[in-house]
Amino acid sequence: MAIIDPYVTTGEHRFHATRRRLKKTALVMLLVGLVSLVLGAVVLVYGLFLARVTARGRMLAMAGIYSGGGLLCLLIRWPLESFR
(Lines give C-alpha, C1' and ligand atoms only; values in the text may rest on other atoms or scores of the structure.)
Protein backbone atom coordinates (compact mmCIF):
# COMPACT_ATOMS: atom_id res chain seq x y z
CA MET A 1 0.00 0.00 0.00
CA ALA A 2 1.50 3.32 -1.04
CA ILE A 3 1.23 6.30 1.24
CA ILE A 4 0.21 9.38 -0.67
CA ASP A 5 1.33 12.69 0.76
CA PRO A 6 -1.52 15.21 0.46
CA TYR A 7 0.94 18.14 0.49
CA VAL A 8 2.99 17.08 -2.54
CA THR A 9 0.90 18.93 -5.10
CA THR A 10 0.43 22.06 -3.02
CA GLY A 11 2.81 24.73 -1.83
CA GLU A 12 2.12 23.86 1.80
CA HIS A 13 4.97 21.36 1.99
CA ARG A 14 7.44 23.94 0.74
CA PHE A 15 6.04 26.51 3.19
CA HIS A 16 6.43 24.21 6.19
CA ALA A 17 9.88 23.04 5.10
CA THR A 18 11.06 26.62 4.75
CA ARG A 19 9.55 27.54 8.10
CA ARG A 20 11.25 24.56 9.78
CA ARG A 21 14.61 25.47 8.21
CA LEU A 22 14.30 29.09 9.39
CA LYS A 23 13.43 27.90 12.89
CA LYS A 24 16.50 25.66 13.05
CA THR A 25 18.75 28.39 11.67
CA ALA A 26 17.41 30.90 14.18
CA LEU A 27 18.01 28.46 17.03
CA VAL A 28 21.60 27.85 15.92
CA MET A 29 22.17 31.61 15.66
CA LEU A 30 20.80 32.08 19.17
CA LEU A 31 23.04 29.39 20.66
CA VAL A 32 26.17 30.52 18.83
CA GLY A 33 25.48 34.14 19.71
CA LEU A 34 24.97 33.48 23.41
CA VAL A 35 27.98 31.17 23.73
CA SER A 36 30.11 33.69 21.89
CA LEU A 37 28.99 36.53 24.16
CA VAL A 38 29.77 34.49 27.28
CA LEU A 39 33.15 33.49 25.89
CA GLY A 40 33.90 37.12 25.03
CA ALA A 41 33.00 38.18 28.58
CA VAL A 42 35.25 35.49 30.07
CA VAL A 43 38.16 36.51 27.85
CA LEU A 44 37.54 40.17 28.71
CA VAL A 45 37.67 39.49 32.45
CA TYR A 46 40.75 37.33 32.05
CA GLY A 47 42.42 39.99 29.92
CA LEU A 48 41.65 42.82 32.32
CA PHE A 49 42.46 41.18 35.61
CA LEU A 50 44.68 38.15 35.12
CA ALA A 51 46.70 38.54 31.95
CA ARG A 52 50.15 40.04 31.87
CA VAL A 53 50.42 43.60 30.68
CA THR A 54 52.09 42.47 27.44
CA ALA A 55 49.20 40.15 26.54
CA ARG A 56 46.40 42.47 27.65
CA GLY A 57 45.92 44.12 24.27
CA ARG A 58 45.60 40.83 22.44
CA MET A 59 43.13 39.49 25.01
CA LEU A 60 40.97 42.61 24.76
CA ALA A 61 41.00 42.42 20.97
CA MET A 62 40.02 38.75 21.11
CA ALA A 63 37.20 39.56 23.57
CA GLY A 64 35.95 42.24 21.21
CA ILE A 65 35.96 39.86 18.28
CA TYR A 66 34.04 37.18 20.20
CA SER A 67 31.54 39.69 21.55
CA GLY A 68 31.08 41.28 18.15
CA GLY A 69 30.53 37.90 16.54
CA GLY A 70 27.95 37.02 19.16
CA LEU A 71 26.11 40.29 18.65
CA LEU A 72 26.21 39.76 14.89
CA CYS A 73 24.66 36.29 15.24
CA LEU A 74 21.92 37.70 17.45
CA LEU A 75 21.27 40.52 14.99
CA ILE A 76 21.05 38.04 12.10
CA ARG A 77 18.61 35.97 14.15
CA TRP A 78 16.22 38.88 14.63
CA PRO A 79 15.01 39.17 10.98
CA LEU A 80 14.90 35.37 10.67
CA GLU A 81 12.45 35.23 13.57
CA SER A 82 10.37 38.05 12.13
CA PHE A 83 10.11 36.36 8.70
CA ARG A 84 9.22 33.03 10.22
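Tutor: Let's start with H2, which has 28 residues and reaches 41 Å from its first C-alpha to its last, close to the 40 Å expected at 1.5 Å a residue. That expected span is 1.5 Å times one less than the number of residues, and a helix here is a DSSP run of H or I with at least four residues (strands are E runs of at least two), numbered from the N terminus. Before going further, keep in mind that this is a predicted model: local features need pLDDT of at least 70, side-chain atom pairs count only at pLDDT 80 or more, and totals for chains, interfaces and linings use all residues. Residues are numbered from 1 along each chain as its sequence is written, and side-chain values use heavy atoms, with hydrogens and water left out.

For context, the protein has two helices and zero strands. Of its 84 residues, 15% count as buried, where buried means under 20% relative accessible area, exposed over 50%, and partly exposed in between (1.4 Å probe, protein chains only). In H2 the buried residues are Met59, Ala63, Gly70, Cys73 and Leu80.

Take glycine 70, which sits in helix H2 (residues 56–83) and is buried at 0% relative accessibility. Setting aside neighbours within four places in sequence, glycine 70 is in contact with Gly33, Ser36 and Leu37; contact means heavy atoms within 4.5 Å. The C-alpha atoms of glycine 70 and leucine 34 are separated by 6.3 Å, though the two are 36 residues apart along the chain.

Now look at serine 36 from its own side: it belongs to helix H1 and is buried too, with a relative accessible area of 13%. Beyond its neighbours within four places, serine 36 is in contact with Tyr66, Ser67, Gly69 and Gly70. Its side chain also reaches the backbone oxygen of tyrosine 66 at 2.6 Å.

Back on H2, alanine 63 is buried at 3% relative accessibility. With neighbours within four places left out, alanine 63 is in contact with Gly40, Val43 and Leu44. Alanine 63 and valine 38 are 25 residues apart in sequence and 9.7 Å apart in space, C-alpha to C-alpha. For the protein as a whole, among contacts between residues at least 6 apart in sequence, 70% join residues at least 24 apart.

The side chains of arginine 77 and glutamate 81 meet in a salt bridge at 4.0 Å, N to O, the term being a side-chain nitrogen of Lys or Arg within 4 Å of a carboxyl oxygen of Asp or Glu. By this rule the count comes to one salt bridge. Arginine 77 and glutamate 81 are separated by about one helical turn, because they are four residues apart in helix H2. An α-helix has 3.6 residues a turn, so residues three or four places apart point the same way. Arginine 77 is partly exposed at 23% relative accessibility, and glutamate 81 is partly exposed at 28%.

Note on methods: A polar contact is a pair of N or O atoms within 3.5 Å; within protein, one must be able to donate a hydrogen and the other to accept it, and residues adjacent in sequence count only if both atoms are side-chain atoms.
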